[in-house]
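User: I would like to understand the words used for helix packing. Could you take me through them carefully?

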Amino acid sequence: MQGVTKQNIIVTSLIIATFLTAIEGTIVSTAMPKIVEDLGGSSLYTWVISVYLLATVISTPIFGKLADLYGRKIMFQIGVVIFLLGSTSSGLSQTMEQLVIFRLIQGIGAGALATIPMTIIGDVFSFEQRAKIQGWISSVWGISGVIGPIVGGFIVDAISWHWIFFIKNRQGYPNFNRV
């Protein structure tokens, strides 16, 4: 029974991490007009989104290799810390230049969270279970693409654009040290 509980914690953790990584790609797009209004720097408008995606794509294979060398758990945890550091810093940005730099940091962390969950699934689950779990994780990307703009618009209208970066930090990530 303990093995099933451990697997459930792992799947939940991976789904949360994947959701937050995936939604970040779309939630910001809805908030960008308000962000530009507050921070100025309309010439950097596209960089706020592009730098996140670019950093994610570039860091994904790097984190994959580092996870092979140093272990999936530690590299996943490092990715979470980098992602949350970039997210918190993005929410505290005072200029568009700062926001672009902090989104770069956030994207680097997202690179770990985009690739390592699939390898963790391969390590933790039997061959017969992997496809189902990977399907769940993959479906999170599609769901996030639909939910992101809606949630982003709501947060910007109801609270402040800063909270699209802070709300993820309130969710937290499960403690892998118990696993």
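Analyst: Axes are lines fitted to C-alpha atoms, for helices over the stretch in contact, and angles run from 0 to 180 degrees between N-to-C directions. Helices are DSSP runs (H or I, at least four residues), numbered from the N terminus. This is a predicted model, in which local features need pLDDT of at least 70 and side-chain atom pairs count only at pLDDT 80 or more, whereas totals for chains, interfaces and linings use all residues. Residues are numbered from 1 along each chain as its sequence is written, and side-chain values use heavy atoms, with hydrogens and water left out.

User: What makes α2 roughly antiparallel to α3?

Analyst: The axes of α2 and α3 come within 8 Å and cross at roughly 155°. Angles over 145 degrees count as roughly antiparallel, and α2 is therefore roughly antiparallel to α3.

User: Which residues of α2 and α3 meet?

Analyst: Contact means heavy atoms within 4.5 Å; among the residues that meet are Tyr52 and Phe63 in α2, and Ile78 and Phe83 in α3. The residues of this contact divide into 10 nonpolar, no polar and two charged.

User: Why are α3 and α4 called roughly antiparallel?

Analyst: Their axes cross at roughly 155° and come within 7 Å, and α3 and α4 are therefore roughly antiparallel to each other. The residues of the contact of α3 with α4 divide into 15 nonpolar, eight polar and three charged.

Definitions and conventions:
Helix = DSSP H or I, 4+ residues; strand = E, 2+ residues; numbered from the N terminus. Parallel < 35°, antiparallel > 145°, perpendicular 65-115°, else oblique. Nonpolar A, V, L, I, M, F, W, Y, C, P; charged D, E, K, R; others polar.
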